[in-house]
Amino acid sequence: SGYLITSIIYKELMLTNNFSFSYFYERRIRRIVPPLIFVIISILPVAWYYFLPFSFTELSNSIIYSLSFISNFYFHFSGQDYGAPNSLYLPLLHTWSLSVEEQFYIIFPILFFLVFKFSKKNLFNFVILVFIISLIISQIGSKDFESLNFYSIHTRAWELMIGSFAALVNYNQTLRIKNKLFSNIILLVSIFFILMSFLFFNKN
């Protein structure tokens with residue numbers, strides 16, 4: 001999402017020096033809402049037949065919050081632990097990430113547009129700054145606020161900013177040519193860490 005959205009915004013701004021927020025949000029809604037509604041409609045008859053009243057009430061609440069794109073906060077404040085056995089009775093629990101994505105769609109284009117308009121040369125600095133702040137908050141929150149840390153946009157933003165940074169590098173031809181060696185080094189380091197995760201990540 002970070003790469004895709006930044007690419008869309010950056011290309012339009014570079015071509016027209018402007019950005020149509022209405023068209024952007026219309027495209028996002030057309031992409032996300034129909035599949036979400038289809039999933040909800042598919043789940044309801046099964047839940048109506050199999051779920052106990054309490055579980056069905058929770059499902060109904062999660063439908064409302066999912067359609068409002070704030071289900072991540074609903075699941076956090078209702079104490080739902082992602083991956084816990086009781087999460088099997090929350091078939092829309094996965095929509096927390098969709099809500100984070102939608103919140104990113106709302107906040108990021110506005111900030112990106114403002115930085116582009118008033119200080120275009122600082123676009124990279126803006127993305128890096130958001131990345132650093134979000135990563136620091138995420139690391140702090142992982143110790144004392146695990147649930148909020150897991151479900152929140154401000155502790156997930158650093159992941160999205162990696163995509164944003166990659167998009168800016170990709171569309172900046174001069175920067176891309178200059179950094180071929182750097183890109184190859186990053187590629188090798190990334191492959192190394194992926195291989196390390198196979199060896200050292202375990203249940204502990």
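Leu187, Ile191, Ile194, Leu195, Phe198, Leu199, Phe200 and Phe201 together make up a nonpolar surface patch with about 940 Å² of accessible area. Patches of this kind join nonpolar side chains (Val, Leu, Ile, Met, Phe, Trp, Tyr) within 5 Å, or like charges within 9 Å, and take residues with over 30% relative accessible area and no salt bridge, the areas coming from the Shrake-Rupley method with a 1.4 Å probe and, for residues, only the protein chains shown counting as cover. One of its members, leucine 195, sits in helix α10 (residues 180-200) and is partly exposed, its relative accessible area being 44%. Here buried stands for under 20% relative accessible area, exposed for over 50%, and partly exposed for values in between (1.4 Å probe, protein chains only).

The model is predicted, so that local features need pLDDT of at least 70 and side-chain atom pairs count only at pLDDT 80 or more, while totals for chains, interfaces and linings use all residues. Residues are numbered from 1 along each chain as its sequence is written, and side-chain values use heavy atoms, with hydrogens and water left out.

**Overall fold**

The protein chain has 10 helices and zero strands, where helices (H or I, at least four residues) and strands (E, at least two) are DSSP runs numbered from the N terminus. Its C-alpha trace spans about 60 × 45 × 25 Å along the principal axes, and 35% of the 204 residues count as buried. Leucine 90, in the loop between α4 (71-77) and α5, is buried at 4% relative accessibility; its C-alpha atom is separated by 9.8 Å from that of alanine 47, which is 43 residues away along the chain.

**Salt bridges**

Side chains of opposite charge can pair when their charged atoms come close. Three salt bridges are found in the whole structure, each defined as a side-chain nitrogen of Lys or Arg within 4 Å of a carboxyl oxygen of Asp or Glu.

| Pair | N to O distance |
|---|---|
| Arginine 30 and glutamate 26 | 2.8 Å |
| Arginine 31 and glutamate 101 | 2.9 Å |
| Arginine 156 and glutamate 159 | 3.2 Å |

Arginine 31 belongs to helix α2 and glutamate 101 to helix α5, so this pair ties together parts that are 70 residues apart in sequence. Of these two partners, arginine 31 is partly exposed at 40%, whereas glutamate 101 is buried at 18% relative accessibility. Arginine 30 and glutamate 26, by contrast, both lie in helix α2 (residues 21-50), and because they are four residues apart they are separated by about one helical turn. Arginine 30 is exposed at 52%, and glutamate 26 is partly exposed at 38%. In the remaining pair, arginine 156 is buried at 17%, while glutamate 159 is partly exposed at 35%.

**The second largest pocket**

The second largest pocket holds about 210 Å³ of space. Of the 14 residues that line this pocket, Ile107, Leu111, Val130, Ile153 and Ala157 are the closest to its centre. Two or more lining residues come from each of α5 (95-119), α6 (123-144) and α8 (157-171), with α6 giving the most, six residues. The lining divides into 12 nonpolar residues, two polar and no charged. A pocket is found on a 1 Å grid over the protein atoms alone, as an open set of points where a 1.4 Å probe fits, with protein on both sides within 12 Å along at least five of seven lines, and lining residues have an atom within 4 Å of a point.

Technical notes: Points joined across faces, edges and corners; volume = space filled by probe spheres on them. Nonpolar A, V, L, I, M, F, W, Y, C, P; charged D, E, K, R; others polar.
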